[in-house]
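Please read the numbered points with the sequence and the model side by side.

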Amino acid sequence: MAGAGVTKVVHRCEDAKENGNLDLSECELVHVPDAVYMLMRNTTVQVCNLSANVLRRLPAKLAAKFSSLTELYLNSNHLSSLPDELRQISGLTSLDISHNKFDSLPAVVYRLESLRKLNAEKNEIRDVNVSRLKAISSLTEVNLQDNPLTDDVHRQLLEVTVISVLLTPRDSELDGVD
């Protein structure tokens, strides 16, 4: 990270001390610097935005250091997995993993008991454990648009009624629409 990038991250950490909203979006981060955890050590962070960076993995310690998160934005990175430690964030209600490289919903998602909103659109997701997804009692909205879901998973998701599931229509579904 170049000098201007470091300064940008430090300023955003300072802002987060005031409002509990850590916005590190568009900082060209390839990882979350340890300095961020140090700067934020006495701050309760409720919203963390790491979107539009170049992250390939999320550090497991993020969950321990930011255990009070209610919203986590990881969209527009290069992520293909999430650490199981995220389940430690017991109050996480909104998770955005859209525009990444996931080929299935990460296992930890099914263990986020407070999750209400999940955005996983525009990934490479083919498989979803629909019964485990429905078992998240707090879940109200899931966006799986623009994923190459298998026909079976797509059909199962269409039958879900307790959660608002956003899907990209199949070609055969469009044939009946005039």
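**Note on the predicted model**

1. Tyrosine 37 and phenylalanine 66 are both buried, where buried means under 20% relative accessible area, exposed over 50%, and partly exposed in between (1.4 Å probe, protein chains only). The model is predicted, with local features needing pLDDT of at least 70, side-chain atom pairs counting only at pLDDT 80 or more, and totals for chains, interfaces and linings using all residues. Residues are numbered from 1 along each chain as its sequence is written, and side-chain values use heavy atoms, with hydrogens and water left out.

2. The structure holds one aromatic pair. The ring centres of tyrosine 37 and phenylalanine 66 are 5.6 Å apart and the planes stand at 40°, so the pair is tilted. Rings of Phe, Tyr and Trp (its six-membered ring) pair if their centres lie within 6.5 Å; planes under 30 degrees apart count as stacked, over 60 as edge-to-face and the rest as tilted. Distant parts of the chain are linked by this pair: tyrosine 37 belongs to helix α2 (residues 34-39), and phenylalanine 66, 29 residues apart from it, to the loop between α3 (61-65) and β3 (71-73). Helices (H or I, at least four residues) and strands (E, at least two) are DSSP runs, numbered from the N terminus.

3. Strand β2 (residues 47-49) and β3 run parallel and are joined by three bridges. Cysteine 48 has leucine 72 as its bridge partner in β3. Cysteine 48 also lies 6.0 Å from aspartate 23, C-alpha to C-alpha, although 25 residues separate the two in sequence.

4. Aspartate 23 is part of strand β1 (residues 21-23). Its relative accessible area of 29% makes aspartate 23 partly exposed. Residues up to four places away in sequence aside, aspartate 23 touches Arg12 and Asn49, contact meaning heavy atoms within 4.5 Å. The side chains of aspartate 23 and serine 25 are joined by a polar contact of 2.6 Å. A polar contact is a pair of N or O atoms within 3.5 Å; within protein, one must be able to donate a hydrogen and the other to accept it, and residues adjacent in sequence count only if both atoms are side-chain atoms.

5. Leucine 95, in strand β4, is buried at 1% relative accessibility. Beyond its neighbours within four places in sequence, leucine 95 is in contact with residues including Leu72, Leu74, Leu82, Val109 and Leu118. Leucine 139 is 44 residues from leucine 95 in sequence and 11 Å from it in space, C-alpha to C-alpha.

6. Serine 98 is located in the loop between β4 (94-96) and β5 (117-119). Is serine 98 buried or exposed? With 2% relative accessibility, serine 98 counts as buried. Its side chain makes a polar contact of 2.7 Å with the side chain of aspartate 96. Neighbours within four places aside, the contacts of serine 98 include Asn75, Ser76, Asn119 and Lys122.

7. Helix α5 (residues 151-158) has Val153, His154 and Leu157 among its buried residues. These three cover an arc of only 100° around the axis, which puts them on the same side of α5; the arc is that of the directions from the helix axis to the C-beta atoms. For histidine 154, the relative accessible area is 4%. The side chain of histidine 154 reaches the backbone oxygen of threonine 168 at 3.2 Å.

8. Two backbone angles may be checked. Glutamate 26, in the loop between β1 and α2, has a positive phi near 55° although it is not glycine, and at 53% relative accessibility it counts as exposed. Aspartate 146, in the loop between β6 (141-143) and α5, likewise has a positive phi near 55° in a residue other than glycine; at 38% relative accessibility, aspartate 146 is partly exposed.

Methods
Pairing = 2+ DSSP bridges.
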